[in-house]
Amino acid sequence: MIKNSKLKKLINNLSATDMESLQKSFVNHLECSLAKDTYSATKLDLYKSIAYTVRDHLVERWIATQQSYYENDAKRVYYLSLEFLMGRTLGNSLINLNFLDECRKALHELGFELEELCEAEQDAGLGNGGLGRLAACFLDSMATLELPAYGYGIRYEYGIFFQNIRDGYQVEMPDNWLRYGNPWEIARPEHLYPVKFYGKVREYTDEKGILRNEWIDTQVIMAMAYDTPIPGYCNNTVNNLRLWSAKSSREFDLGLFNEGNYFKAVEEKQKSETISKVLYPIDNIHEGKKLRLKQQYFFVSATLQDIIRRYKKMYESFDSFPDKVAIQLNDTHPAIAIPELMRILVDIEDIPWEKAWDITVRTFAYTNHTILPEALEKWNVKLLGTLLPRHLKIIYEINRRFLDTVKHKYPDDVERLRRMSLIEESNEKSVKMSHLAIVGSHSTNGVAALHTEILKSRLFKDFFEFYPNRFNNKTNGITQRRWLKKSNPDLAQLISKTIGDGWLRNLDDLRKLIPFAENKEFCETWRHIKKTNKLRFAEYIKRSTGIVVNPDSLFCCQIKRIHEYKRQLLNILHVIFLYHSLKNNSCKNYVPRTILFGGKAAPGYFIAKLIIKLINSVAEVINNDPDIGDKLKVVFLSNYQVSLAERIIPATDLSEQISTSGTEASGTGNMKFALNGALTIGTLDGANIEIMNEVGADNIFIFGLTEKEVDHIKCRGYNPYEYYLSNTALKTVIDMIADGHFSSSDISLFAPITNSLLKSDPYMVLADFASYANCQMLVNKSYLNQDEWTKKSILNVARIGKFSSDRTILEYAREIWNVTPVPVSINGS
């Protein structure tokens, strides 16, 4: 706490937001922090200067926020996630601080453009897909709602990978996002914790005759904290994202170094620091699996030590721990935290097992993010026992006690015991982390209504019957500050001018737009903004790929992780169908289309990478066919990330959300597109169902089998070859691929794809093809009537209010965490 009044006044002056103060701070950082002048400064230097200037304005609020939480003895939320897909920070911080315009004007007077400097910022390589982006939206909402909350994760030196496309193939390059430093983070070497691995467990009886366990002979790696401020929108709350970086317990072996063995001397340091090197090491080899488990325990161990340190500042016993600490597990990646907290409470704090377990269950809550059984995380017992021997013993004890309670309720149901066990007794025993997370948490939630019903009725049916009050739904959401105000400023300005800016805090305010869907002048302005966004993005496509697209065409977009269940294959099959129809002049009332793809395939996922190659091979043929011209273009946008999404989404007309029904947990891309006025073509999967219920069935294009129909066909026996034989258009499309139309130098190149579709088709692409093609014809018809299309677009935006992450977080706070807002006051404001 700063008591010197003069020093306090000087610090307060750092946060002045008038233009002259901003300019002075900017120049000061350029000269004093970076040792540059206007002659030697690069664009990166200029970006860093304005970033440091903005960070200065966050720091006072940041410190005051933490002080407020202590002064109010607030219950705090700790959001544990292996991913935080933050994107760029500068623009978002300026919006939440509410001086975007002042900053733009201040820089302009100095001869710089804010938008150009924003482009110098690297996307933070801390996540890959929807899981990480959801976590980032949640941090924004928690700060905006003034909730005492912290994010915890890993400070990856390298992101998952930088995606290049060479000859149509994905090529993975290192994503060295920290190469030039990160001006938003502050290193905290004072928060350095030991994290143990390996060793063995010593059992002994203490002086009271109680059996004890001690984890000994371990290897130690240090976890060092790096903090990033997370500002709320137009308030004084700045929460903290704490990321852990692995450090060696000693820098190098001086003895070996002096003997001339230089590589061996630093080998241990390099091995230790590998833990926080790369997001998601490839896990189809043993060393990759081991590193991934190490990452999970590394950040969980450091986080729990940090949480307990903070708790012990106020309390001596753990009796109040669940009343002051709520820990949310974002999927099963942090689930090893459950046995870790038990280890701390039982082995270190000498708390009896029953009491420790009560504290643990009341503290943790678990969010499930997947329906696919093969995606549910399991850890080989041998590997877990080698790396974390004490934790494996604890897991076995949790399992023994849990199965005893199950057996008591279902005394003669051996098969139920087998299904519900935390241990899978297969050839290679493994720990089922989702079961551990459910048993060790007081709440398990799905992320969309359908998803939660599938968890209760199918995936975790036994657990729902056993713990019916623990299961609940929290439909995902997105932050409107980033995904409309920041990414689509022209549309945001029109909306605020029309209905005020209350929607930035309460997205349901967008319903005030509904009457304007009938206002001709408003609709014309709406269309003009979309056209401007498309022109801008067409220029970007030309600049980045060399492909010239027609801005008057229908921009259809599918940007997401490349996976068979997301069915990029269905999309590209339809593209080939359109191409063949155009070549044969069989298209009626055809609307020119630009088909946009983006997304990364996991490095070890062969079929997904081959799908990327197929998309690019089809694009190569179509884009260079003079008969087609600008009637149809296909573009694969490489290295999809948050900043690219912010370009694509405002320009999109049609959002492709076409996963097999019953496979997508929720999706949040569907929400982002709808918020920006794109219409959705999709299956009744994930949050698509709830979006349809909100925007109205007339304002969305739904096709395909339902989840129950998918199950019925699979139970009856699905034969994709029958669909191939019975649908001439589908047969033509698959034959074109199989006959080498898009791979003339290697006819068999795409045989793994066509063989899979014809023999098994696990995600029922062929079963849904006809329905998808018919639905796309309805899209054509609707787009030809621009007045009707515009009306549908406006109504999508006006009725999307439910899908704000603010609503989602309020539900978590009230129904799971039991936390309340803590307003932060600075100088009486």
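Colleague: Which helices and strands each supply at least two residues of the lining of the largest cavity?
Modeller: Helices (H or I, at least four residues) and strands (E, at least two) are DSSP runs numbered from the N terminus. A cavity is a set of points on a 1 Å grid over the protein atoms alone where a 1.4 Å probe fits but cannot get out, and lining residues have an atom within 4 Å of a point. The elements that each supply at least two residues are α3 (43–71), α4 (90–97), α7 (130–144), β8 (219–231) and β9 (238–248).

Colleague: Before we go on, what kind of model is this?
Modeller: Residues are numbered from 1 along each chain as its sequence is written, and side-chain values use heavy atoms, with hydrogens and water left out. Local features need pLDDT of at least 70, side-chain atom pairs count only at pLDDT 80 or more, and totals for chains, interfaces and linings use all residues, because this is a predicted model.

Colleague: About how much space lies in the largest cavity?
Modeller: There are five cavities of 30 Å³ or more. The largest is lined by 33 residues, with M86, G87, R88, T89 and E121 nearest its centre, and β8 gives the most to that lining, with four residues. Its volume, the space filled by probe spheres set on grid points joined across faces, edges and corners, is about 390 Å³.

Colleague: Which residues is M142 in contact with, leaving aside neighbours within four places in sequence?
Modeller: Contact means heavy atoms within 4.5 Å. For M142, the list is V77, Y79, L147, A149, N239, I809 and W817.

Colleague: Which strands stand at the edges of the six-strand sheet?
Modeller: Two strands pair if DSSP finds at least two bridges between them. The open sheet runs β19-β18-β17-β20-β21-β22, with parallel pairing. One side of each edge strand is left without a neighbour in the sheet because each has a single partner, and those strands are β19 (632–637) and β22 (701–702).

Colleague: At about what angle does helix α22 lie to β19?
Modeller: Helix α22 (residues 520–545) packs on this sheet, where it touches β17 (554–559), β18 (593–598) and β19. Axes are lines fitted to C-alpha atoms, for helices over the stretch in contact, and angles run from 0 to 180 degrees between N-to-C directions. The angle between α22 and β19 is about 70 degrees.

Colleague: Is β17 largely enclosed or left open by the rest of the structure?
Modeller: Buried means under 20% relative accessible area, exposed over 50%, and partly exposed in between (1.4 Å probe, protein chains only). L554, C556 and Q558 point one way from β17, while F555, C557 and I559 point the other way. β17 runs parallel to β18 over six bridges, with F555 partnered by T594. Six of the six residues of β17 are buried, so the strand is largely enclosed.

Colleague: What is the relative accessible area of H580?
Modeller: H580 is found in helix α23, which lies across β17, β18, β19 and β20. Not counting residues up to four places away in sequence, H580 touches T732 and M736. Its C-alpha atom is separated by 7.9 Å from that of V733, 153 residues apart along the chain. H580 is partly exposed, with a relative accessible area of 30%.

Colleague: Which residue of β14 is the bridge partner of W379?
Modeller: An open sheet of three strands has the order β12-β14-β13, with antiparallel pairing. Three bridges join β12 to β14 (residues 430–432). The partner of W379 is V431.

Note on methods
On a 1 Å grid over the protein atoms alone, a cavity is a set of points where a 1.4 Å probe fits but cannot get out, and a pocket is an open set with protein on both sides within 12 Å along at least five of seven lines; lining residues have an atom within 4 Å of a point.
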